[in-house]
Every structure is written in structure tokens, then in C-alpha cells.
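Let's take a friendly walk through this structure together. Have the coordinates open in your viewer as you read.

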There are 2 protein chains.
Amino acid sequence: MRWWGWGHDGVSFTHEDKPALAPFLRQRIDLDVTRVTSVPVAFEHLDIAEPSLSPALQAALEQALGGGPASTDALDRVVHARGKSLRDLVRHRRGELGRLPDVVVRPGDEDEVAAVLRAALDADAVLIPFGGGTSISGSLEAPARERRTIVSLDLSRLSRVLAVDEASRLARIQAGAFGPDLERQLNARGWTLGHFPDSFTHSTLGGWIATRSSGMQSDRYGDIGDLTRAVRVVTPSGLLATRPVPSTSTGPSVREMVLGSEGRLGVITEATLHVRRVPERRIILGYLFPTWADGLAAMRDIAAGEAAPSVTRVSDANETAFSFATRKKPSILDRLKSRALTTYLRRRHDFDVEAMCLSFIGYEGSPRHVAAQRKLVGRTVGRHGGVCIGSSPGELYDQKKFDTPYIRDFLLDRGALADVSETSAPWSALPELYDTVMAAGHGAFDELGVRGFMMCHLSHSYHAGACLYFTFAFKPSAQEDGLREYDLVKSAIQQAFVDSGATLSHHHAVGTEHARWLEEDISAPGVAMLHALFTGVDPGANLNPGKIV
Amino acid sequence: MRWWGWGHDGVSFTHEDKPALAPFLRQRIDLDVTRVTSVPVAFEHLDIAEPSLSPALQAALEQALGGGPASTDALDRVVHARGKSLRDLVRHRRGELGRLPDVVVRPGDEDEVAAVLRAALDADAVLIPFGGGTSISGSLEAPARERRTIVSLDLSRLSRVLAVDEASRLARIQAGAFGPDLERQLNARGWTLGHFPDSFTHSTLGGWIATRSSGMQSDRYGDIGDLTRAVRVVTPSGLLATRPVPSTSTGPSVREMVLGSEGRLGVITEATLHVRRVPERRIILGYLFPTWADGLAAMRDIAAGEAAPSVTRVSDANETAFSFATRKKPSILDRLKSRALTTYLRRRHDFDVEAMCLSFIGYEGSPRHVAAQRKLVGRTVGRHGGVCIGSSPGELYDQKKFDTPYIRDFLLDRGALADVSETSAPWSALPELYDTVMAAGHGAFDELGVRGFMMCHLSHSYHAGACLYFTFAFKPSAQEDGLREYDLVKSAIQQAFVDSGATLSHHHAVGTEHARWLEEDISAPGVAMLHALFTGVDPGANLNPGKIV
């Protein structure tokens with residue numbers, strides 16, 4: 001992972017093969033994509049504080065690692081200092097590194113994790129577990145004024161699928177496994193976890209559990225909480241191990257306390273999860289709806305019906321326009337097809353091309369099952385004025401779905417800020433929630449006097465509601481004050497969530513970025529319960545302090 | 001509710017209309033059903049201690065109730081003293097009442113609940129919430145040596161369905177609503193909660209949530225935890241109110257901490273729950289499998305397939321025999337049909353009538369959906385040698401499903417003890433778990449030198465496993481020592497659960513009956529987390545102390 005941005009060196013987002021993008025960004029956020037105005041400070045110019053690590057603790061950590069290294073390498077410390085929130089990226093690019101971890105350790109098994117935790121507690125050090133480092137909620141950074149030694153515990157060596165119980169459709173998997181590696185190991189035996197968050201390429205199982213992640217196919221596979229049947233966690237009072245039973249009545253769920261715990265209760269080392277056979281057939285179809293209201297209503301009715309698609313997603317008109325603007329240069333055939341479709345839509349359905357909304361609906365299973373589901377869903381779509389536009393948009397979406405995070409770096413290079421905020425709410429609340437959040441975001445843009453852009457999609461449908469996922473972008477009016485201006489927009493959106501009865505985050509966790517809305521979301525006694533739990537388990541506040549509450 | 005047993009006066013179980021039952025019980029547990037040997041002591045002979053209630057607390061409670069009564073009525077106190085575990089029934093029948101609550105209050109709304117809690121805390125009294133009083137895990141009894149005043153808070157006046165959000169398919173329901181009342185209110189608007197535990201007739205929504213209940217149709221509707229989207233709970237630090245969002249990432253789930261909390265965190269006053277339209281078609285079909293192993297394998301394969309039935313249940317050979325023994329006197333036509341079926345089964349499928357296992361599978365939805373599901377399930381059943389025996393056994397099961405608890409009183413009158421123990425485990429573990437538990441139970445019978453009976457069914461199928469529900473009965477060798485002998489059998493079964501990697505209970509909660517297996521189930525750090533939570537929220541241990549941990 002790059003220390004200053006997303007992903008691998010050599011991979012980046014470009015406008016050059018997307019002819020409609022430059023005019024789109026010019027028009028929407030007043031951005032000239034040809035001008036790179038801001039680049040990350042060079043690594044060798046970073047001002048990296050000396051690590052605060054006593055020889056005794058260093059020796060204890062190396063003993064815990066069976067003689068392995070306790071790394072104080074500068075790049076290691078910088079990479080492990082933060083996640084990839086917009087605030088993290090902006091500050092890292094500027095060379096404002098904050099409180100770096102003093103040492104990075106990479107235990108090789110659960111016993112070594114336990115020994116590292118013991119050594120850290122004995123020395124009254126702070127321990128911060130690190131998976132893929134993709135948090136966008138500030139879950140990984142040490143408090144600025146932390147004076148104790150900070151140990152970053154990197155789980156990447158715990159990366160194996162340990163066992164698959166085929167009759168029970170359960171897999172035991174180590175917490176440090178990255179998405180692609182984990183799927184490769186499962187696929188080789190004919191299985192899949194089916195968990196594909198946007199961060200998939202660079203995030204780990206342990207990170208998903210610690211933040212309550214949700215994947216693109218959650219409609220079928222469930223959120224990570226639904227997938228996770230049992231956990232193993234190294235805690236200050238020993239190894240917490242729950243049983244992989246399908247349902248249980250053992251008081252308040254300890255498994256659910258680990259989900260979303262962001263390292264505050266200990267270090268997740270392993271989990272037992274639902275797996276499914278790689279489906280015989282898998283298809284994501286594109287649909288167009290005349291309006292956002294039609295798209296929302298269709299998704300709600302699909303959730304209430306007897307079909308069970310694997311993906312339900314609909315973009316608002318802005319996001320639809322953005323999707324079309326990021327298409328690569330079309331072939332002549334593509335252009336003809338596209339023009340024919342547009343003509344057809346205008347004539348046949350009285351579609352307003354400016355208002356239309358792009359939707360993806362996925363199906364999985366046996367050919368017979370897929371066919372039956374498509375038919376059922378197709379009827380509901382049709383009732384709301386939608387039309388199917390075939391499988392090619394879905395294939396494109398499926399291919400590029402993990403590339404989105406690179407766009408933020410592309411925009412930062414050009415002086416623009418972009419970020420996401422997502423929430424969930426009951427079906428009945430979604431239309432007004434959308435309007436309120438859009439108004440709040442644009443109100444903040446107006447206050448700043450900038451031309452800002454906001455777009456949204458609905459994804460992750462449930463019985464009683466769905467997730468609304470907002471993306472916003474703007475060019476700050478004063479470059480050096482970008483984060484203050486970002487705060488204003490982000491806060492306006494988050495405040496609109498909780499004011500509308502929605503939640504502060506559907507699947508991006510609390511960390512430090514969302515902590516100030518927690519009490520409004522789960523009420524003061526709810527926060528008190530979290531305090532009671534964290535303080536009771538970790539009275540010295542050694543485990544990732546300052547996160548969530 | 002009867003003070004000494006299950007249900008309403010005037011309703012009871014009888015063998016008289018079931019010609020095969022007397023010989024069955026004679027053969028299996030050496031019981032003569034014609035001899036009633038043990039009756040509950042008369043209420044007027046009970047030795048009821050004076051309530052310990054200061055005039056100040058009484059006044060404070062009555063003020064909290066807006067002038068309503070704080071009842072010290074003897075029958076009230078006896079009914080609210082315990083649930084309906086076998087241990088509860090035996091002791092109540094003998095007149096061994098234990099530590100009765102000193103006062104019973106029935107607040108009329110959430111504000112009154114909060115005022116009662118405040119009054120109890122101010123006086124350092126103990127508060128025990130009471131729903132329907134059907135707990136069979138000892139969740140309701142005060143500790144024997146408790147010296148503080150004990151307030152039983154009966155929620156039965158909070159019984160309303162407050163609102164239905166039709167678009168979101170969510171209902172706000174008060175916690176004191178009993179099953180039938182709640183369904184009546186929902187059905188009147190075309191909706192159903194779909195939660196039907198065995199205790200349905202006499203249990204409440206708040207009790208279901210406080211104990212992690214599961215209903216007979218959980219395959220389709222989910223357990224109470226899946227159904228419950230938001231809770232309102234009066235806690236020592238104020239009103240805990242979570243939001244009815246479909247999924248959220250706000251740290252460890254506070255909603256999940258309330259589920260199964262058995263009154264230790266406060267008083268549940270209201271919840272927002274999934275509801276569904278009353279299905280257009282609903283059918284429960286009977287099937288017969290040649291053996292228990294065939295039945296288990298079929299249920300596993302159905303869970304792994306593309307059908308989604310509402311009920312999956314298969315009885316072992318013993319429970320199948322018991323079901324046939326409790327049939328009412330058949331008509332000549334019934335007998336002819338039954339004889340024809342037996343002949344058919346023997347010829348066509350080489351069925352061993354002693355080994356065959358009765359199964360119920362339920363379907364709900366549109367006629368087309370029901371037909372498609374039946375067909376899919378039918379194929380899986382057939383692959384495992386099962387045959388469909390039509391809808392009449394299912395209709396019978398559906399009608400008498402809530403009557404089972406009356407049988408315990410019938411047996412107690414005749415000197416026999418019967419109880420249940422249920423668990424859940426992954427599919428791969430179920431066959432051996434069954435054998436181990438059966439061996440443990442019969443080992444205990446042998447040790448006692450009694451002829452004991454055990455039977456079992458699988459119900460509540462999930463992705464990765466299912467619930468096994470055991471029923472056992474025997475006539476103690478020494479009547480006065482019945483509870484000691486019962487303990488031996490019950491403990492052997494429970495120990496076999498946790499020794500086999502299964503859970504101490506799938507849906508009957510921990511209470512005091514199962515608390516000794518909690519550490520083996522969720523591990524010592526798990527118990528420490530529950531301690532941290534309970535102690536932090538309720539430092540004075542005023543809320544239903546002694547339960548769970």
C-alpha cells in the first residue's frame with residue numbers, strides 16, 4: 001500500500017481514456033483536470049520523529065515474536081500510522097504525520113499475538129491492531145498527545161484459510177487474510193465467502209469484522225456480521241473463543257460485541273464464517289429507471305417480494321451521469337448502440353435522459369433459479385417504469401468496482417477533495433432522507449462559496465430498509481484550509497443523517513471521524529454501555545484508545 | 001396463569017381421548033396414568049412470608065404509578081416469584097416458595113416504568129421485570145438470600161401495537177404484549193410478526209427479546225434477534241433508544257446487548273420489529289423418513305438448496321412414536337387410511353415402522369411460490385428416501401403446537417418428571433451430538449436405576465446448522481428426591497451439549513439453570529465481558545441480580 005494514497009504503485013486513475021470526464025468535472029466542480037497542482041511531499045523530506053521504544057520493551061516484543069523483528073523502519077511506521085480517510089490522505093501528503101507508531105510487529109500466529117499483547121500491557125504501551133489499513137473513519141491513528149509507546153500489530157502473516165467444513169458450509173479463516181487471497185484459497189476448493197466491500201483488494205477479514213463491513217452482494221450473503229459465526233480474540237484476560245453455532249441464547253451476544261470493536265477489546269485472530277458454493281451462474285443486469293423515486297420504490301418492492309437477488313443498486317441522476325462520464329472511449333458500434341438505446345428510451349418510455357437512474361441487479365444460483373428470479377424482478381422493475389439494458393453495464397461495473405478509491409488521489413493531485421458518507425434507514429424514510437442530505441451538502445457548498453457535486457446510490461437492501469451511499473466532491477476555496485472546508489461539508493451530511501433518524505454509518509464504522517454523532521445515534525445510555533464494556537475489559541486503556549467513544 | 005403450573009384454569013392435558021398413550025407411558029417410563037399420586041398443595045396452605053416493604057418505598061412506588069396500586073397480594077407475589085421451569089413447578093407444588101417478591105407493580109406506560117426503576121434504585125431495592133412468567137431457565141426468581149426489597153415489575157399493561165410502518169414493514173410494539181394479543185392486533189391490519197415459540201400463548205414480546213426467543217417459523221421469519229430492529233429500554237442511566245435502521249456500524253451492537261439481557265440492563269418497554277403480510281397461502285406438510293440419519297441429511301440439504309421453507313422439523317423415531325401415541329381415537333376411516341399407509345410404506349420404501357421419522361415442512365407465500373418451493377423440497381426429500389404424507393398431520397401439529405407445556409403438569413400429578421433441553425450446532429456435528437446426548441441421558445437414567453425416556457427433534461434450520469430439541473421423562477426412584485435425580489439427568493444432557501461443541505441453549509436463555517455452563521460455552525473472557533457490561537450499567541446489582549453470570 002502506498003504511504004500517501006490508495007493501492008499499489010503503478011496503478012492509478014486517469015481521465016485520459018475517458019473523453020467525457022474532463023468536461024464533466026469542469027462543469028460540476030470547476031476543475032481543470034489537466035493541471036496537477038498538488039503532489040505529496042517526497043518521502044525523504046518527511047520529518048519522522050524518533051521512535052519511543054525502551055530496550056526492555058523491544059526485547060520483550062522480539063521475544064514474543066520468537067526472535068522476529070520489532071520494526072522501527074520509517075516507512076513501516078508511516079504506513080501504519082493511519083488509514084485512508086480523506087483527512088488521513090491530505091495530512092500524509094502534506095507531511096503532517098501526527099503521532100506515529102513507535103514500532104510495528106508482525107506476529108506469525110495466535111500465540112505470538114497473545115505474547116505481543118502481554119508484552120505491551122506489561123510495559124503499559126498502547127496496542128493498535130492493523131489489517132489492511134483502509135479505514136476511512138480514523139480507526140487506526142493514535143491520539144495526538146499519546147505519551148506511551150505505540151505498538152502497531154500488523155496481522156498480515158495470519159492469512160490462511162485453515163479449514164472448510166463442507167457439510168456445515170463454514171470456513172475457519174485467519175484474520176489477516178486479504179480479500180483476494182482469501183477468495184483464491186476458498187475458490188480453489190469450490191467455495192466463496194461472497195464478501196466484496198469497495199476496499200476488498202486491500203482490506204482483511206479482521207478489519208471487516210472490527211468495523212462491521214458490508215459487501216456489494218450483501219443482499220444474498222449478508223453483512224460481515226451475518227457471515228461471522230464465531231470469533232477468536234486475544235484479550236487482556238485471555239483468549240476469547242465463541243462457538244460456531246448457528247444461533248444461541250447465551251445472554252448478550254459476545255460475538256456481536258467483537259463485531260465493530262475496532263481493536264478496543266483485543267486482537268481478532270480468527271473467525272469461522274459462512275461460505276457458499278461458487279454459484280453455477282452469476283449475472284449482473286443493468287436497468288434504467290425514469291426517476292430516482294421510481295428506482296427507490298422498485299428496490300423497496302423487490303425487497304418485499306419473493307425474489308432474492310444478490311445485488312440491488314440504483315444510482316441517482318447525478319451518479320448516473322458520472323457513470324456515463326467515466327466510460328472509456330466507445331467504439332463506433334458502442335456509439336451506435338448507445339444512440340439507438342437513447343432514441344428507444346425517449347420514444348418508448350418518455351424517459352428524460354437527465355433524470356434517468358442507472359441500476360444494477362445481480363442474480364446467482366442455478367440457471368433455473370436465476371431465470372425465475374430475473375422474471376420476478378423484471379415484473380417489479382416494469383411496474384416502476386424501469387427497463388433492462390442488458391448485461392454489459394453490469395459486467396463493466398463488476399470489473400471496475402474496486403477501482404473507485406483511486407479517484408480520490410487523482411482529484412487530490414488536482415486540488416479537489418472527494419469523500420463518501422453512507423447511512424441506512426427504513427424504506428419509508430429514504431426519499432426524504434435523500435432530499436435532506438442533498439440540501440445539507442449543497443447548503444455547505446453555498447456557505448463556502450464553492451461549486452460542489454454530490455451523488456448517491458442505494459445499495460444493500462434489507463427487509464425494512466437500505467443503505468444510501470453519498471459521494472461528494474469540491475475544490476476548496478482556499479487550498480491551505482481544505483480540511484476545514486471538508487469538515488463543514490462532511491459534518492453537514494453526517495448531521496443530516498442523524499437528524500433524519502438514520503444512522504451515522506451503515507458500514508464504515510465509528511473510529512474518530514463519526515464518534516461525535518454516536519450519542520445522537522444510539523442514545524446516551526447506549527454510549528454508557530460501550531464505555532462500561534471497554535473500561536471493564538481494558539481498564540488501562542491500552543487497546544486502541546480514543547476510538548468509538 | 002396458574003400459580004402452580006402451566007396455562008389457564010380449566011385447560012389441561014388428558015390421556016383419556018388418546019388410547020395409545022397409557023400403554024406407551026407404561027412401557028417407556030413405567031407410569032400408571034390412572035393413578036394421580038401427587039397434587040399441588042392448596043393455596044390456602046402455603047406459608048407466605050410477610051412482604052418486606054418500607055412505607056417510604058411503597059409510597060414512592062405508588063407515586064411512580066400515578067397513584068396506582070403497589071400490590072402485596074399473596075397470589076400476585078406467588079405467581080410472580082418464578083417462571084415455569086421444572087424446578088419451579090416442583091417446588092411451587094410442594095409449597096417451597098423461596099424468596100417471594102415483596103411487591104408487584106404494573107406500570108401503564110414507559111414514564112411509569114422509569115419512575116418505578118428510579119424509586120427502586122433510590123431505595124436500593126431489587127427490580128425484576130416480569131413478562132408472561134414462562135421462563136424455564138430460572139430467569140425470574142430472586143436469589144434465596146436476597147435481603148433487599150424485591151419489586152416485580154409486571155409489564156402486562158404495555159400491550160399495544162403502537163404503529164405499523166407499511167412501506168418499511170416495521171411495527172412498534174409495547175414489550176408487555178402477549179403473543180395472541182399482538183398477533184390479533186397485527187392481523188387486523190393484514191400483518192404478522194411470525195414469531196411463534198412454544199410459549200406463545202402465555203409469553204410476551206419483552207420476554208422474547210430478553211431471552212433470545214425463537215419461534216417455530218424461524219426458518220422464514222428469523223429468531224427474535226433478527227426480527228427486532230430497535231429497542232427502548234429504561235436503564236439506570238436513562239432511556240436507551242436505538243434506531244430502527246436495517247443495519248449499522250456503530251461499534252459493538254447495543255441492540256444485541258439488550259437481546260438476552262434478562263432484565264440485567266434495565267426494563268425493555270418497546271421494540272420495533274419486522275412484520276410481514278399475512279401470507280396468501282400457508283401449508284405444513286408431513287413427511288416420513290426411513291431413519292433419523294436420512295431426516296437430518298435431508299434438512300441439511302434443504303438448508304443448502306434454493307428453497308426457503310418456513311418450517312423444517314424432523315423428529316427422531318422416539319418422538320415419532322410419541323406423536324403417534326398422542327393421537328386421538330381415530331375414526332374407522334382414519335384407521336383404514338393409516339393401515340393402508342403403513343402397508344404402502346413397508347412395500348414401497350422398505351420402511352421400518354419402528355425407525356421411521358416424522359417430519360413437518362412448512363411453506364408460505366403466493367400460490368406459485370408455495371408450489372415451486374414444495375417441488376424443490378420434494379426432490380431433496382425424495383433423494384433421502386422420504387415420502388410426503390399430506391397435510392393432515394401438519395394441520396394437527398399446527399393446532400396442538402402450543403399445548404405441549406400442559407403435559408408436564410399431567411405427568412407431575414402422576415409422579416413423573418419431564419423437561420426439555422435444546423441446543424444448536426453446525427450441521428456436521430449434529431449426528432454425533434445426538435448420539436452423545438442420548439447416551440448421556442440414558443447413562444443418567446441407568447445410574448438412577450430408572451426407566452427413562454428421551455426423544456428429540458431437529459427444528460430451526462440455518463445456513464450452517466440447526467437446533468436439536470430433546471425431551472426427557474422419568475419417574476424418580478425416590479419421590480422426595482425427585483429434583484436431585486432430575487438434576488443428574490438434566491446436567492448430563494447439558495454437559496453433553498458443551499462437551500460436543502454445541503451451545504448451552506439455542507433459545508431458552510441462561511437464567512440460573514444454565515449459568516454453570518456459560519464459561520465453557522463462551523469462554524472465560526466472554527463471561528468477563530458480560531460481567532463488565534452488567535457491573536458498569538448496574539453497579540449496585542439492583543437489576544435482576546444473579547442471572548446469566
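In what order do the seven strands of the open sheet of chain B run? This is a predicted model, and in it the strands follow the order β15-β12-β14-β13-β17-β18-β16, with antiparallel pairing. Strands of a sheet pair through backbone hydrogen bonds, either parallel or antiparallel. At the edges of this sheet stand β15 (387-390) and β16 of chain B; each has a single partner strand, so one side of each lacks a neighbour in the sheet. From one strand to the next, the twist averages 25°.

Now pick out one pair of strands. Strand β17 (residues 453-461) of chain B and β18(B) run antiparallel to each other, joined over eight bridges.

Chain B is superposed on chain A by a rotation of 180° with 0.0 Å of shift along the axis, at an RMSD of 0.0 Å. That is the relation of a two-fold axis. Within chain B, the C-alpha nearest this axis belongs to B:Leu533, at 2.5 Å from it. The same surface serves both copies, as 100% of the contact residues of chain B recur in chain A.

What does the contact consist of? It draws 80 residues from chain B and 80 residues from chain A. On the chain B side, the elements that each supply at least two residues include β16 (417-426), β18 (465-474) and α20. The largest share of that side, 12 residues, comes from α20(B). By type, the residues of the side of chain B that touches chain A divide into 34 nonpolar, 35 polar and 11 charged.

Helix α19 (residues 518-537) of chain A and helix α20 (residues 524-537) of chain B have axes that come within 8 Å and cross at roughly 130°. That makes α19(A) oblique to α20(B), and their crossing is right-handed. Among the residues making this contact are A:Met529, A:His531 and A:Leu533 of α19(A), together with B:Met529, B:His531 and B:Leu533 of α20(B). The residues of this helix contact comprise 10 nonpolar, six polar and no charged.

Methods: Residues numbered from 1 in each chain as written. Chains lettered and ligands numbered in written order. Predicted model: local features only at pLDDT ≥ 70, side-chain atom pairs only at ≥ 80, totals over all residues. Least-squares fit on C-alpha atoms with pLDDT ≥ 70 in both. Contact = placed C-beta atoms within 7 Å. Axes fitted to C-alpha atoms, helices over the stretch in contact; angles between N-to-C directions. Helix = DSSP H or I, 4+ residues; strand = E, 2+ residues; numbered from the N terminus. Parallel < 35°, antiparallel > 145°, perpendicular 65-115°, else oblique. Left-handed = near helix turned anticlockwise from the far one by under 90°. Nonpolar A, V, L, I, M, F, W, Y, C, P; charged D, E, K, R; others polar. Pairing = 2+ DSSP bridges.
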